[in-house]
Amino acid sequence: MAEESWHEARLIPTSGINGAEEQERRATSALLAVVSAVREFGRALVKPLGAPAGTIETYIEVPFLLGEKKLFPDGLIRVRRGSRSWTALVEVKTGSNDLQTEQLENYLDIAREQGYDAVLTISNEIPAVAGQHPTKVDKRKLRKVELHHLSWTQVLAEAVMQKEFRGVADPDQAWILGELIRYLEHSRSGALEFDDMGETWVAVRDAVAAGTLRPTDKGLPDVVARFDALLRFASLRLGRQLGTEVVPVLSRKEQADPTLRAQALAKTLCETGMLSGAIRIPDTVGQLVVTADLRSSKVTCHVDVDAPREGRPTTRVNWLLRQLKSAPDSVRIETFAGARGSSAAELLGAVRENPAMLVLDPAKEIRSFRLALTGSMGGKRGRGRGSFIDSVLGATDAFYADVLQYLKAWSAAPPRLRQPAPQPPELERTAPPSLRSTDFSSQDGAEPADPTAAPPVGDAASAP
């Protein structure tokens, strides 16, 4: 038989997984083993949780007594550094299984009794806001013990970034981390991607289309929360491909009180039929804004770019066009000359033929541009062709790949050092140094020598 049909041996095989319990146990054991074996990955995962730098020990299914009950958290992580130690209980869910409030509260009680620092949960649930836990628990139980959450998407993104971009010093450890990545990316591992807009999505979508959606509708909060979760998933997914941290954009008030973001998004959806949010990608010219219009079934991604602060209007338009050589003709360009909205808007294909189309009034200074790309929006709640999730993810990836990654912010050219004008040979021979009036001065070139003469012609790029 040909060697092409042979199956390569894997450190963490996906074969033999029978049922949710076995899937959960294998995912827990594989992850915690790699956390302790690959130093850089383990440190990257536990540092944000408050653990010190030190030796990481991991265990699975550690038994504890809580009253008369014997409980088995899925795992335990301990970090030791000298006489100091940090310990967290770990609860893991795979597939579509959700975390349970009673179970988490029991583990918080155990952690408090044992003097442990935290309880860490890992599941496919993605909170709408980073740092927020997807399961509500009694806040009194969090006075001495912290509760943290990681989605499997976040774990996978961290593993890929560590191996492919930040690096692992030991080659054997790098191979081990690669085996974990292969396992988590397999469909049978139970580490699923974001794949459902929720059971109320269809009802809310249809109510928006009919114009009957109201702020009091029961399904509205779940759809709003899942849209923000989708933005977080899109950020993690894009960050995994770019090797950098991509995050949704929230104001300080929204970070302090996530309900403000949910309320604003729900109000906008009821009034305009739109869901909108922004993500921040390091070193790009601006935020990538994603807007889903449920009434027109369109998804639009846009970015705002500051225009150059010098040059004629057409010069500023041409500066932008030079950066859009690979962008599709369907990109819409809007110009902004003040605070009253856009002054002109045209498709990139037409602007390439005639840049002056974006200059309606040559006397007005173009201050910024908006570049937008619009595509069809799917309506299905799950994944696959015609789904809302895939249409948003596809629009985000396409806009970054075709437009955003090529844009650079304008910066003024540094001033050039002026050189003194050379002296005529006859003046050098005849005039004594004390009588020469042509020595270099800071005032040279500041004003015309003849008040009636026209000013010197400047560089065309700096003309108003």
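Trainee: Among contacts in the chain between residues at least 6 apart in sequence, what percentage join residues at least 24 apart?

Mentor: The share is 66%, where a contact means heavy atoms within 4.5 Å. This is a predicted model in which local features need pLDDT of at least 70 and side-chain atom pairs count only at pLDDT 80 or more, while totals for chains, interfaces and linings use all residues. Residues are numbered from 1 along each chain as its sequence is written, and side-chain values use heavy atoms, with hydrogens and water left out.

Trainee: Why is the pair Asp228 and Arg261 called a salt bridge?

Mentor: The term requires a side-chain nitrogen of Lys or Arg within 4 Å of a carboxyl oxygen of Asp or Glu. The N to O distance for Asp228 and Arg261 is 2.7 Å, so the pair meets the criterion.

Trainee: What makes this pair a link between distant parts of the chain?

Mentor: Asp228 lies in helix α7 (residues 220-242) and Arg261 in helix α9 (residues 258-272), 33 residues apart. Helices (H or I, at least four residues) and strands (E, at least two) are DSSP runs, numbered from the N terminus; the chain has 13 helices and 14 strands.

Trainee: Why are Asp228 and Arg261 called buried?

Mentor: Buried means under 20% relative accessible area, exposed over 50%, and partly exposed in between (1.4 Å probe, protein chains only). Asp228 has 7%, so it is buried; Arg261 has 13%, so the term applies to Arg261 as well. Buried residues make up 42% of the 464 residues in the chain.

Trainee: What makes Arg39 and Glu40 a salt bridge, and is each residue buried or exposed?

Mentor: The closest N and O atoms of Arg39 and Glu40 are 3.6 Å apart, so the pair qualifies. Arg39 has a relative accessible area of 59% and is therefore exposed, whereas Glu40, at 16%, counts as buried.
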